[in-house]
Amino acid sequence: MPSFDGVYMVVLRLNDSMTSNLGDVLLRLNLHGAASNRVRLAIGTIGGGPADDSAPNPAPATPPGAATPLTVAQYQAQYNNPAFASDSDLRRFLEQASWGGRGDDVDFSHLRAIGIPAYINEQFNMPPQFIDASTDPKFSLASNYPFSQSYPQFYPGSPAPPCDSSTTCFRDNYTLYPLQKQFMLNALTQPDQLRQRVSFAVHKFIVVGGQQLNGNQPFWFSPYLQTIDRNSFGNFRNMLFEVTLNPGMGEYLNMRGNSVVSQSNPTPNENYAREVMQLFSIGVDTLNQDGTPVLDAQGNRVPSYDQTAITNLARVFTGWDLDTNKSISLDGGVTQTSAANYQDPMVPNNNRNRYDIGQKTLLTDVNHGTPVVVPACANCTTGTSAQQLANTQAYAITSLGTAIDNLFNHPNTGPFLCIQMIHQLVTSNPSPAYVGRCAAAFANNGSGARGDMRAVITTILLDPEARGDVKTDPNYGHLREPVLLMTSLLRAFNATDTSKTDGVLVSNSPSNFSNTMGQNIFNPPTVFSYFSADFGLPGTNLVGPEFGNLDTSTSYARANFMNTLFLQNTGVPGIPTGTNRPVGTKIDYSALQALATTPQQLVDALNTRLMHGTMSAQMSASIFATVNAISSGDPGGRTRTAIYLVASSSQYQVER
């Protein structure tokens, strides 16, 4: 194989479901996203099957000698030389590690100068916008979202001024408008792009939906986003622990106020216990370290937990509730009131009858060959009432830590996390070897630490399956979800500072462009996120999560967004100003328009900027013909048409 000289023989095992007389098939080998030529193979009988490829690349008559394979560390070390990666690979990297490359190439030029590993480390060490450890001693802010003002669940009535749906007060304190606006401003204008991509990826599998938090109240929702931001480059154990005690999560999945019915009949709500295993940490199937499912003797998948495990874990998650209310001053000090505390982590409640203090049996993990047991509380019913309460609260804290440790140390957690992150940053169908390399980094960051997110992210982005100029494997890549499609185009056409955008693009007021495409930011329809992580592409054995919300209507909405952005407003291209949209969003394609007199140069420049050189010859020829048919006296029309045709194509929308 070209570029893989050490591969000279492949052992093929036929699938048991194949018929014994299948006839001719064409076989190709896919490795790290690269595809070989196809060869004809007869199974059972000769003849039939598909026609030969029109331009086969014959195998060499004499196989090359075996090459010394590189270790993963040796492969990654090559990228320490900034000149090692090609320009195409660098642009692909920016697609994976940011919300899209900038049209002015400032990020690309910097990446080319310092190399990928140095760029990743630079991103790791770049602080978020808002850092504040003094305002709230119980909640250290390190996030791209500022503290939201404490507001009551229901705005006080007379004599306070109105705060109904027609007011700015309501918009900013009882809808997600400020957070959705901040999200897009961050994505388009802020430099810590990798943190943002990782945080949003985590949000999509450790899910909280805003609608369930008092109908999208920012004060209830923002601490959840801030918790994810703070831990995206930290340790996954701390991520699980802090998210578990986040009040928004407690509200969303019913852990807040969770209580036993009685000590003799402990039947607490099981919602969080089920979802923290199924969706946040280990998944439903027992996994090998390469992410493939463990099968029993009959070939069936082995569940990673059962109802008994859910019941026992739910009993751990009892007794927790909101911390002390926040005192707030409204209307310039006219109204003094309080608000439920959705900012600080939940705390053990002062009613000891809410807690399950009996023994619980959890799961096995990498440190325990038998299920971990949380012993019954030895001193929760002795001493004074105050002592019993203190002992019960201490027991709840210890038990919670044991449960989180158990999930964190479960052998599934590394491959499960890696599959989620690879899906969202690189490709929907990674090879088992790719997942295995990532899981190994989760298990040990090279210094003996488990769960280091920096090690996981670095391994994902520097893996041979992520890097390279062109990926010819037809199963490689992933569909750009609506918000990534939007940010990639807006950043590519220079909507990258606050003079050019106000970020009001995914807010329900005045209009939500991503919502019409099937993605209402911070309002996923279910705990299974905006789309199912294991959504299967019909007629294949592939998964394509982002295709879960692609249908006729959302496909049209994608094209309509591009029409609005590039074709509709020919005076000042972009999104115009309006109510709740003071600046709008302006794009700039003047550098491309300068090439419009030579249509092929224009098409080639778009191929480089938007597709890192992967545009097929057929697509290039088709766009050239369309652009060339437009009068040379209309360079703007030529440019806008070319951009629209590239952006609306399947070759662009499936990021490869």
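1. Let's start with cysteine 418, which counts as buried because its relative accessibility is 0%. Cysteine 438 also comes out as buried, again at 0% relative accessibility. For both, the cut-off that matters is under 20% relative accessible area. Keep in mind as you read that this is a predicted model.

2. What joins cysteine 418 to cysteine 438? A disulfide does, with an S to S distance of 2.1 Å. The angle about its S-S bond is -80°, making the link of cysteine 418 and cysteine 438 left-handed. Cysteine 418 sits in helix α14 (residues 413-425) and cysteine 438 in helix α15 (residues 432-443), so the bond ties together parts that are 20 residues apart in sequence.

3. How many disulfides are there by the count? The count comes to 3. If you number the bonded cysteines of the protein chain in sequence order, they pair as 1-2, 3-4, 5-6.

4. Cysteine 163 and cysteine 169 make another of these links, with sulfur atoms 1.9 Å apart. This one is left-handed, at -90° about the S-S bond, and both of its cysteines are buried.

5. Then there is the disulfide of cysteine 377 and cysteine 380, whose sulfur atoms are 1.9 Å apart. Is this link left-handed or right-handed? It is right-handed, with 85° about the S-S bond. Cysteine 377 is buried at a relative accessible area of 16%, and cysteine 380 is buried at 2%.

6. Have a look at helix α16 next. Why can we call α16 (residues 453-462) largely enclosed by the rest of the structure? Because 8 of its 10 residues are buried. Those buried residues are Met453, Ala455, Val456, Ile457, Thr459, Ile460, Leu461 and Leu462.

7. Now for the strands. Strand β8 (residues 323-330) and strand β9 (residues 335-341) pair in the antiparallel sense, with 6 bridges. Across this pairing, serine 327 stands opposite serine 338 in β9. The hairpin of β8 and β9 has 4 residues between the strands, and there aspartate 331 takes a positive phi near 55°.

8. The largest cavity holds about 170 Å³. It is lined by 19 residues, and the closest to its centre are Glu95, Gly100, Gly101, Arg609 and Leu610. Helices α2 (87-97), α3 (106-114), α17 (482-492) and α21 (599-611) each give at least two residues to that lining, with α21 supplying the largest share, 4 residues. Sorted by class, the lining of the largest cavity has 6 nonpolar, 6 polar and 7 charged residues.

9. The second largest cavity has a volume of about 120 Å³. Which of its 13 lining residues are the closest to its centre? They are Tyr145, Gln196, Ser199, Phe200 and Asp229. Two or more lining residues come from each of α6 (177-189), α7 (193-203) and α8 (218-231), and the largest share, 4 residues, belongs to α7. By class, the lining of the second largest cavity has 7 nonpolar, 5 polar and 1 charged residues.

Key
Residues are numbered from 1 along each chain as its sequence is written. This is a predicted model: local features need pLDDT of at least 70, side-chain atom pairs count only at pLDDT 80 or more; totals for chains, interfaces and linings use all residues. Side-chain values use heavy atoms; hydrogens and water are left out. Buried means under 20% relative accessible area, exposed over 50%, partly exposed in between (1.4 Å probe, protein chains only). On a 1 Å grid over the protein atoms alone, a cavity is a set of points where a 1.4 Å probe fits but cannot get out, and a pocket is an open set with protein on both sides within 12 Å along at least five of seven lines; lining residues have an atom within 4 Å of a point. Grid points are joined across faces, edges and corners, and a volume is the space filled by probe spheres set on the points. Ala, Val, Leu, Ile, Met, Phe, Trp, Tyr, Cys and Pro count as nonpolar, Asp, Glu, Lys and Arg as charged, and the others, Gly among them, as polar. Two strands pair if DSSP finds at least two bridges between them. A disulfide is a pair of cysteine sulfur atoms within 2.5 Å.
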